[in-house]
Every structure is written in C-alpha cells, then in structure tokens.
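Subject: Structure handover

Hello,

Please find the structure below, together with its sequence. My notes come after it.

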Amino acid sequence: MKRVTDDQGSPFTNGRAEINGFPAVLRDFRIEVEPMDVSGLSRFVPDPAWSFTDAQHHFHATSLEDDQPWPTLVRLTKGDGFDDDGRETFVAWSECKICGEQVEPNMIEIDGGNWRRYEPGDVTWSAEVLTPFALELGGGDMVSFRAKIQAKTEVFGVATVNQRTGHQLSLIGVGKIGRRSTA
Ligand SMILES: [Zn+2]
C-alpha cells in the first residue's frame, strides 16, 4: 500500500477542509494504491529490432528511449463508436511525421518470466475530518469534500460517510479524487 504523505513523511493533517461547504479540519487524508500482481503475465512491447523505410524513403525504427519509442511517427486516434457499456471506443494508428504514410511499428510479446512484478491497481482514498459542530450526517450519506493538502494543492471529490462520531467524520472516496492548484 502506498500512502501519500507530506514532505515530512507524515500523513496530511490539520489542513483546511470543507464538507458540503461547512468548514472542517483535516485530520487524516490518504490515497492508497492496491498493487496488482502481474507476475508471469506476458505483455507487448515495442520491437527493438523493427525498422521500416516508407515510400518517400523516410526511415522509421524503434528507439531505445522508453518514453518515445517511435520519434519519426505520430500516433493518431479517433472515436469509432461506443461499446456495450456506453464507453467510447477508439481506433489508433501511426503515420510518418513528414509524408503521412500509415506505418504500423512492430510489437513483440515478451514472457512474464519468473520474477514478481507489480503494477498500480485500484486507487482508493479516505479522509478523517473534524467539524466545528456536528453535521446532520449519517453512515452512507454522500458529501462534497475538499481539502487543502499542500500550500498550493487542493483535493476535491465525492465521498460517503463511513462513520460519524460527534464532530468526527470518517469518509471514503467515491471514484477518483480531484486535484487542483490554488493560488
Ligand atoms: Zn514518410
């Protein structure tokens, strides 16, 4: 579990928070990432041996730079409809940056091997806040949450009340936490 902390290594505490617009004090805020075990799963990676010369004699190949394996190509996508769950689906292709010829770089499948490998999985967030007066909230109620977690960073989102004990609220995030810069 990865715990997001401030520069001192402690959880974010005592920041200003708001619950449904009411002021509150942030006692604890954490984002946890569930590691996903992908040990032994094969995956596709750019083929380091791939190269290709297009009709205009422009040379294309796989670069060793991980973040930009095909520097001579531009990757384009366009929506091509919706899947059964209503999510938009996309088609993607690559073109030569100079002449626009469609070029499909080769990918190779590599064995997962025997080592343990983890990738970031589900992300959950939770918060503990103190309100100056007891809000009329109970377990399961949805609230609007925002809090300052750093000098210039605010988080915001929708949470459900997990538990309320007097002025203390324990919240669990619903969906992703938003982040924004504040002046
Ligand atoms: Zn070209």
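Residue numbers start from 1 along each chain as its sequence is written.

Confidence

pLDDT is the predictor's confidence in each residue, on a scale from 0 to 100. Its mean over the protein chain is 87, and 93% of the residues reach 70 or more. Over residues 6–10 pLDDT stays under 50, and the model has three contacts beyond four places in sequence for that stretch. (Two residues are in contact if their C-beta atoms, placed from the backbone, lie within 7 Å.) Where pLDDT is low, the predicted coordinates should not be read in detail.

Domains

The domain assignment gives domain 1 as 2–36 + 119–181 and domain 2 as 39–113; such bounds come from an automatic or database domain assignment. Between the C-alpha centres of domain 1 and domain 2 there are 39 Å.

Strands

Strands (E, at least two residues) and helices (H or I, at least four) are DSSP runs, numbered from the N terminus. Two strands pair if DSSP finds at least two bridges between them.

Strand β1 (residues 15–19) runs antiparallel to strand β2 (residues 22–37), and five bridges join them. R16 has V25 of β2 as its bridge partner. V25 also stands opposite L130 in β9, and β2 pairs with strand β9 (residues 118–130) in the antiparallel sense over eleven bridges.

β1 also pairs with strand β10 (residues 142–150), again antiparallel, over three bridges; here A17 has A147 as its bridge partner. A147 in turn stands opposite V155 in β11. β10 and strand β11 (residues 153–165) are antiparallel and share eight bridges, and they form a hairpin with two residues between them.

Residues in loops

N20 counts as partly exposed because it has 13 C-beta neighbours inside 10 Å. (A residue is buried if 20 or more other C-beta atoms lie within 10 Å of its own, exposed if 12 or fewer, and partly exposed in between, with C-beta atoms placed from the backbone.)

H57 is not a glycine either, and has a positive phi of about 65°. H57 sits in the loop between β4 (51–53) and β5 (59–61). With 7 other C-beta atoms within 10 Å, H57 is exposed.

Residues in strands

P23 belongs to strand β2. Is P23 buried or exposed? P23 is exposed, because 12 other C-beta atoms lie within 10 Å. Not counting residues up to four places away in sequence, P23 touches E18 and P132. P23 and F59 are 36 residues apart along the chain, and their C-alpha atoms are separated by 60 Å.

L76 is in strand β6 (residues 73–82). L76 has 13 other C-beta atoms within 10 Å and is therefore partly exposed. Leaving aside neighbours within four places in sequence, L76 is in contact with A92, W93 and E95.

Regards

Key:
Predicted model: local features only at pLDDT ≥ 70, side-chain atom pairs only at ≥ 80, totals over all residues.
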